[in-house]
Amino acid sequence: MIELQNITYRYPKSALPVLQDLSLTVEEGEFLLVTGPSGSGKSTLLRCLNGLVPHFYGGQFAGQVRVCGQDPVAAEPRRMSRYVGFVFQDPEAQFVVDAVEDELVFALENHAVPQATMRKRVEEVLDQLDIAHLRSRRVSTLSGGEKQRVAIAAVLTLQPQVLVLDEPTSQLDPQAAEQVLDALVRLNHDLGLTIVLSEHRLERVVQYADRVLYLSGNSQPPLLGEPREVLDQVELTPPLVSLGKALGWQPLPLTLKEARPHARKFERALRSPDQSTNQPTIHPPTPPSSSPSIQLCDVWYAYNGHEALKGVSLDIAPGEFVALMGRNGAGKTTLLKQIVGLLKPKQGQVKVMDLDTRRTDQQALIAHVGYVPQNPGALLFADTVRQELDFTRRSRGMALGGYESLLETLDLNAHAERYPRDLSVGERQRAALAAVLVADPEIILLDEPTRGLDYRQKKALVAFLQREKKRGRTVIMATHDVELVATCADRVILLGDGQVVVDGSTREVMTDSLVFASQVNKLFRDARFLTVKDVLASCRSG
Amino acid sequence: MFHVVAWVLWLAASAMVPLLTQHPFYLALTIAGAWLVFQTVRQISPEAVMWGSLIKLALFIWAFTVPFNALSVHAGQTVLFSLPDRWPLIGGIVTLEAILQGLINGLKLFTLLLIFATFNAGVDHYRLLRLTPAFLYQVGVITSIAVTFVPQMMVAGKEIREAQAIRGHRFRGLRDLLPLFVPLLTGGLERAVGLAESMEARGFGGNVRDVSPRKELLTKIGTLAALLLTLAGAFWYAYFAATQEIGLALIGGGTGLLVCVFWQLGRRVSRTRYHRDTWRRRDTALTLASLALGGGLLTARLAATSLLSYSPYSPTSIWPDFNLGLGLLTLLVAVPALSLGKSHD
């Protein structure tokens, strides 16, 4: 179905090739997962399959590509659209028309498909992706997961034989990602559609893939094989796989189901020498020692009649590391914006460092609070990262310079003179973080800080945040990333429909929940074990 | 909503009022009608909020036209006061008539923009696009994308403003616009490139039939000839005042040829349509009303010019005459509000 032979490609104006001498064969009906750190050439490889590379990007291309018997280099992407359906990362940026049904037929109309056939195809894809209820909606009113499913449906109307998806779930929350992946698995199983998907969060997809292609980036040869084989050789993996590797479980478990027998055995081994360790040691959240740095008292807020916060009361002590969790639209971002004073409560009171946000000037508030929004693109505008940092300090009337150590800890030293928008997703995120934190606020607010980051970048972020916490900073982050919460937060606040549903220590909340538990915790269902580290530590002590 | 054709007809007929007359009473009636329609559309269409800001802009412009006209036109009988003659442009008498004319100019503009905003709030731009002939399809797609970009840009703009505000950004001078505009612009460009890629990958503009090299050459020569003709015509028109008709004829010929070439090009691209738009009874009603309104106005304009004309500068009376028949006719602008009011779909 797909055959690549000795592909080498170099983007225009770049010194090193992204892909070097890559060969790959994909059989019909296969589900291939392409993974690897950011910047390793995943997107580039996928774009070779329909000719966007080299047609859309230019650059130097060498090697042979055959997809469905066609040569994408000779045929151009528009002709390849009948054979290869391509879905992009950002659901926002791929819609031409605002109405769902019109969007679905856009490609068909362009290919002059007769009207009767069009009607049939539209009905088919609506059912295949389970989106019939969305047909008369406007794209702008859909949720992320719905948008991405519409995008998939829109390319499937041409009945391609191969579906290529470039990190389709990286901008989505876990539930939405689940919907999209379910739809893909169904297409792969029921229709035998060949799927090539890139993703760096392996825990979501690895169990569905037939084979994995791991691109390591720094000019090392790629790994290709069964998921187990490849994961065995890769350093950074999902927690479950890391645990399996550390404890020498064979065959390496990819799903909870596969890991459970191993876990039972491990628990028995752990229990036998010392019975007492079985007692879960739950530490209650440390009572606030000094006066709280943030106080919310019965806060209500509504956007155009839709109530986003309904009587939220919270106290957050200095030095606490709090995770705000909950599904999309639960009010997480609204709550953060209340604390930084971008939104003022309709009713109730928000006090930050004893300043009432309704009576305090924004400038006085941001002297204490730094807020990193979800989309770093909204922040970055200067010519270099350094100027970005200078801008913040100048706006605050602080002296320029003196942020070398911050650049160092965020691993941005090498990029200080680069144009921020040319950086990779993870680097951009860190540049935005640096641009806010350069003012050295006592309270750090983060909105979805790990969206789009790969394992290495996530690890670096966690290390940075833990260091800030040790310096006595208060950190509050809104996130869907349970693994992140398990590794660094002390307290979890679960929001549901604008109200606080649960508020407790991370251990307590995670053990109690099925959805908001980390992989390791789901495996053992034991309050002692949230992360791989916890398990390994108990191993050593036991 | 209405069928696109009926809705376009409403736009054309209603816009005729401010285009054909500056009679304040008829304009006021049109505004009342269009406002009613806008309010009805707003309950159905989510996009109306965005077009509401266009109406606010129109009000702002209106406020501006009055002093502009009063200070720049120095004519009329009722002199209110005068400014020193040596002041450039604004020096001279300021008259009541000039102020009135300014008010009316603003009124005309406001009526036009209100009608335009109402039309846009209620139209499905993609369906509108399908009305365009094949050779204009590309232009149409660009317009449709531009229209969907506007709300996205507004959301992005808000996000950027907030993000910069909490970094301590304050607006003190023109330089402070940079942190707001650069992310907006680059963000927009990034989205545009993404969209172009997605359209390419979905085969946009891919279904072009191959033609013989002779035909290809012919089209190219045709385009060149058409452009040269138009250019020559424009020169003729500008430099030979005595025989301007020849210039106009040349421009006309050039444009005609260009349309022919585009039409030929359009025929090479085959495209099909998905929608079978339904024509309902209220579409017929709206069409009839719009035809009556447009026809009536045209007849009045051609047969009885005095009915529509009004000028504050006229020596006889500052108060306009009012013709009840015409007044009732302009009320037809409100027809969509009546037929939409009953059922919301």
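**Notebook: a sheet and a helix pair in chain A, then chain B**

I began with two strands: E12 (residues 321–325) of chain A and E18 (residues 491–496) of chain A pair in the parallel sense, over four bridges. Looking for a residue pair there, I found Ala323(A) opposite Val492(A) in E18(A). A reminder to myself that this is a predicted model.

Next I asked which sheet these strands belong to. In chain A, six strands make up an open sheet with mixed pairing, and I read the order as E15-E16-E17-E12-E18-E19. At the edges I noted E15 (369–372) and E19 (499–505) of chain A, each pairing on one side only. From one strand to the next, the twist averages 15°. I also found a helix packed on the sheet: H16 (residues 425–437) of chain A touches E15 and strand E16 (443–447) of chain A. The direction of H16 makes about 165° with that of E15(A).

Then I turned to a helix pair. I looked up H4 (residues 100–110) and H6 (residues 144–156), both of chain A, and their axes come within 7 Å and cross at roughly 35°. I logged the crossing as right-handed. Which residues meet here? From H4(A) I listed Val100(A), Glu103(A), Leu104(A), Phe106(A) and Ala107(A), and from H6(A) Val150(A), Ala153(A), Ala154(A) and Val155(A). Sorted by class, that contact has eight nonpolar residues, one charged and no polar.

Last, a quick look at chain B. I counted 13 helices and two strands. Its C-alpha atoms fill a box of roughly 70 × 65 × 55 Å along the principal axes. Of the 345 residues in chain B, 30% are buried.

Key
Residues numbered from 1 in each chain as written. Chains lettered and ligands numbered in written order. Predicted model: local features only at pLDDT ≥ 70, side-chain atom pairs only at ≥ 80, totals over all residues. Buried ≥ 20, exposed ≤ 12 C-beta atoms within 10 Å, placed from the backbone. Axes fitted to C-alpha atoms, helices over the stretch in contact; angles between N-to-C directions. Left-handed = near helix turned anticlockwise from the far one by under 90°. Contact = placed C-beta atoms within 7 Å. Nonpolar A, V, L, I, M, F, W, Y, C, P; charged D, E, K, R; others polar. Pairing = 2+ DSSP bridges.
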